Amino acid sequence: MGHHATGLLTERRDIPAPNEEQAPAPIVRIVGLSKRYGTTVAVDDMDLEIAHGEFFALLGASGSGKTTILRMIAGFIDPTGGEILVEGKNMSGVPPYLRPVNTMFQSYALFPHMSVATNIEYGLKKLGLPREERKARTDEMLRLVRLTGFEDRKPHQLSGGQRQRVALARAIARRPKLLLLDEPLGALDRRLRQEMQLELKRIQRESGITFLVVTHDQEEALSLADRIAIVDAGRLCQCGTPQQLYDRPGNRFVATFLGTINMLDGIARGSNLVELACGTLIETTEPVGASNGAPVCLAIRPEHVSLSARRPGNLPAQVAGGAFFGKEFLVRADTKAAAPVSFYLPGTRDLPAGEVHLALDPAAVRIVAP
Amino acid sequence: MKRLFIGLPALWMAVFFLLPLAILAIISLGDVRLGQPPVAWGPDWPEETQLDLDSFDRILTRPLYVDAFISSLSIAVMTTLLALLIGYPMALGIATAPRRWRTLLLLLVILPFWTSFLLRVYAWMGLLGQNGPLNQLLVALGLIDDPIRLLNSNGAMLIGLVYTYLPFMILPLYANLARLDHSLAEAAQDLGARRIGVFLDVTLPMSVPGILAGSMLVFAPVIGEYVIPTLLGDARSPMIGRVLADEFFLNRDWPVTAALSIAILIVVAIPLFVLNRFLARSAERA
């Protein structure tokens, strides 16, 4: 899984990360947003800013509160505290039908008694647009989602992927300031997902609308979003570009949530050394940042672990097995350092047997809060 | 095993529905005579059998029958519309009520079925009677000086019919409305529809199957209703059920009674058939 995520990361390098210095005023600002149900806290004092034209993802497990945030922005749920500002305007008390926000529902929620064109046109009718303009915009939307020729079909006559395109066209036809997408790829099979990922990126670029995706699928978030906010138990864990989150996870939860990572508990020994439970001293380029003798947690991605010789600073391990991915193996090796370590080996040669010695790239070793 | 499951109901239908219907059809083609049975097929029956459509001719041309049919149809249509007007908001209210309340509310709708139907109609006779509570209330409020005749009128009959058949409207409507995908209403709101718009654009069109099913469950039995028109209605403008009963019990005119039964069946069956086709098509779409 983690390996796959890395692959997607390399593919999306051509998309420039938003430049923070010249970022325009945020289109959405969330300040101290909270939602309590009795004693249960669904969303806890959340702060978030989404920039104009950004493709933003809220990533979290089910029950993390991410859908509650989405529904509060859409106006279906009232917050118990805090504010949501869209283009500087406070949304509290504004009903859903007056918000400059549209939603693509997880179930698509297409009106089954209306044709594709009537579905797309519905929101335009409610805007009170004249017939010719509605027709022109509906046609434009059909072209954008590549469904020209399907206008007279009913939703039940469409495939899952086509239904999703209609739902998307219907939601952006009103040209909202912000489009909310609830698990947009969740209901599609694998092949369609990959196709729709690229489609969503294209449509977002062409329409220039800010997208906010809510998903539990890290792959979906990594491949789609310019920036990701990771949510756990109603709280914001970390927010940043996919590269930032992948490369510099802020805490243990983020580290384990995104991709595959090796987590090894140890003790700080000086400013750039960590002693693992097996006694091996691991060198780190970045300062450990903990006083000598304090327990720390060392994190390193499998791609930064390699086979090496028996040498101080290399971790002795026993190869336990490997999963073949074509290009390479993801190898699992047991160590005496309390946890097994995973790393990649070329798929062209056989797995080594018995004891091996693993070198951990000092520049890629991260220290996370234990 | 499978044959048994299909065969048993088919046998039941043949013995208790198709066979009686065939007997009814044969009787409707005969003439009245004095004797046992009080029906003959031709003047020289049983030596010589001669079928005729005299009874159908009579019920289609004599004002007594035609008027009774028209009044039955209009009463059934009015009852259906009133039940729909009262039942729709109730069904919608139950379907959108918090889940823990729904069972109780549904129970309250079904509760009247636990007492005898006749008893409930008698209760209405008491309520609407000359010295009944309603008249007493109206007098006490000073709206009228003397008790007025509420009973034995079309109004009283409508009250009784709507009261009795309301659950038959509410239950299928509720089943339909409770199944409606709530995200459709949210989508409409999200796309700019206010509450009234959500209702007119989504809820109402999506509940058409429920409306039709409920309407049919009210319309069909009300057409031939006998007890309520007799006890609460106006004897001067009888409904077809009462005419049918009078023909059978008082006139002992079996052929006309049979012809009337078949006519009622046709009046009810045609809309039922159309509805069935419609529901099958909408089920295909869902």
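Colleague: Where in chain A is confidence lowest, and where is it highest?
Modeller: Confidence in chain A is lowest in helix 1 of chain A (residues 2–11), where the mean is 40. It is highest in helix 3 of chain A (residues 116–126), with 97. This is a predicted model, and pLDDT is the predictor's confidence in each residue, from 0 to 100.

Colleague: What makes residues 1–18 of chain A worth a note of caution?
Modeller: Over that stretch of chain A the pLDDT is below 50. The model still gives residues 1–18 of chain A 29 contacts beyond near neighbours in sequence.

Colleague: I am new here. What are the two chains made of?
Modeller: Chain A has nine helices and 20 strands, while chain B has 13 helices and two strands. The C-alpha trace of chain A spans about 75 × 45 × 40 Å along its principal axes. For chain B the spans are about 80 × 65 × 35 Å. Of the 370 residues in chain A, 41% are buried; of the 286 residues in chain B, 31% are.

Colleague: How do you know how far apart in sequence the contacting residues lie?
Modeller: Take the contacts between residues at least 6 apart in sequence. In chain A, 65% of these join residues at least 24 apart. In chain B the share is 69%.

Colleague: Back to helix 3 of chain A: why is it called largely enclosed?
Modeller: A residue is buried if 20 or more other C-beta atoms lie within 10 Å of its own. Eight of the eleven residues of helix 3 of chain A are buried, so the rest of the structure largely encloses this helix. The buried ones are V116(A), A117(A), N119(A), I120(A), E121(A), Y122(A), G123(A) and L124(A).

Colleague: What do those buried residues pack against, and what comes just after the helix?
Modeller: The buried residues of helix 3 of chain A pack against helix 4 (131–144) and helix 5 (160–172) of chain A. Just after helix 3 of chain A, G128(A) has a positive phi of about 75°.

Colleague: Now chain B. Why are helix 7 and helix 10 of chain B given the label they have for their relative direction?
Modeller: Helix 7 (residues 154–179) and helix 10 (residues 208–223) of chain B pack at an angle of about 155°. Angles over 145 degrees count as roughly antiparallel, so helix 7 and helix 10 of chain B are roughly antiparallel to each other. Their axes are 8 Å apart, and their crossing is right-handed.

Colleague: Which residues meet there, and of what class are they?
Modeller: Helix 7 of chain B brings residues including L161(B), Y165(B), F168(B) and M169(B), and helix 10 of chain B brings residues including I211(B), A213(B), L217(B) and V218(B). By class, this contact has 15 nonpolar, three polar and no charged residues.

Colleague: How does helix 5 of chain B pack with helix 7 of chain B, and what makes up the contact?
Modeller: Helix 5 (residues 117–128) of chain B packs with helix 7 of chain B at an angle of about 140°, with the axes 11 Å apart. That crossing is right-handed. V121(B), W124(B) and L128(B) in helix 5 of chain B meet A156(B), I159(B), G160(B) and Y163(B) in helix 7 of chain B. The contact has six nonpolar, one polar and no charged residues.

Colleague: How many residues from each chain take part where the two chains touch, and which helix of chain B gives the most?
Modeller: Chain B gives 17 residues and chain A gives 20. On the chain B side, helix 8 (182–190) and helix 9 (195–206) each supply at least two residues. Helix 8 of chain B gives the most, with six residues. By class, the side of chain B that touches chain A has eight nonpolar, four polar and five charged residues.

Methods
Residues numbered from 1 in each chain as written. Chains lettered and ligands numbered in written order. Predicted model: local features only at pLDDT ≥ 70, side-chain atom pairs only at ≥ 80, totals over all residues. Axes fitted to C-alpha atoms, helices over the stretch in contact; angles between N-to-C directions. Helix = DSSP H or I, 4+ residues; strand = E, 2+ residues; numbered from the N terminus. Parallel < 35°, antiparallel > 145°, perpendicular 65-115°, else oblique. Left-handed = near helix turned anticlockwise from the far one by under 90°. Contact = placed C-beta atoms within 7 Å. Nonpolar A, V, L, I, M, F, W, Y, C, P; charged D, E, K, R; others polar. Buried ≥ 20, exposed ≤ 12 C-beta atoms within 10 Å, placed from the backbone.
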